[in-house]
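Come along and read my entries next to it.

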Amino acid sequence: TLFLFGCLHLVGLALTAATAYPFMWINFPTTYNPTLLLPLFMAGLILMGIGSGGIKTTNGPLAAEHLAHIPASSVFRLYYWVINLGSTVATLVSPVLHQMVGPTKWYSGQSTSTGFYLSFSAPIPFCAVALSIFYCAKPLYLNT
């Protein structure tokens, strides 16, 4: 279940990042079409929401079951500390990544910033690595 929700989250991340690549959408299907991008962006956000919601609801019981020898308060304290640290780092790094890619001319000579694709793409490799580790470690999990 956790792996399935992780995959939904990863697909949502990829879809959201793909809609932020303006140079991918030049002449696709024939011209830049914001009415096509908005539904794809929203679908990505919805998939990320479903995936992260499922991850958060199944992670706690999994940690409590596998770390029963450690006091639950310590496990959850560390778990939420790491989540908050990740959120803080993402909040600080995303604007920096956005600013790293300056304005470019890509559609009808208009100058626009294309930095959001870098901000939206940054979590994808981390999520993919985490899912790979989770999947490969499956034989180590308790079967209850």
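**Ground rules.** I am looking at a predicted model, where local features need pLDDT of at least 70, side-chain atom pairs count only at pLDDT 80 or more, and totals for chains, interfaces and linings use all residues. I number residues from 1 along each chain as its sequence is written, and side-chain values use heavy atoms, with hydrogens and water left out.

**Whole chain.** I looked up the helices and strands, which are DSSP runs numbered from the N terminus (helices H or I, at least four residues; strands E, at least two). The protein chain has five helices and two strands, and along the sequence they follow the pattern α-α-α-β-β-α-α. Of the 144 residues, 23% are buried. For me, buried means under 20% relative accessible area, exposed means over 50%, and partly exposed is in between (1.4 Å probe, protein chains only).

**Helix 1.** I found helix 1 at residues 2–19, reaching 26 Å from its first C-alpha to its last, close to the 26 Å expected at 1.5 Å a residue. That expected span is 1.5 Å times one less than the number of residues. Its buried residues are Leu2, Gly6, His9, Gly12, Leu13, Thr16, Ala17 and Thr19. Seen down the helix axis, they fall within an arc of 165 degrees, so they line one face of helix 1. I take the arc from the directions between the helix axis and the C-beta atoms.

Leu15 also sits in helix 1, and it is partly exposed at 24% relative accessible area. I noted that its C-alpha is 9.1 Å from that of Met42, 27 residues apart along the chain.

**Helix 3.** Buried in helix 3 are Val75, Tyr79, Leu97 and His98.

**Helix 4.** Phe120 lies in helix 4, residues 116–121. At 28% relative accessibility, I log Phe120 as partly exposed. Its C-alpha is 9.3 Å from that of Leu97, 23 residues apart along the chain.
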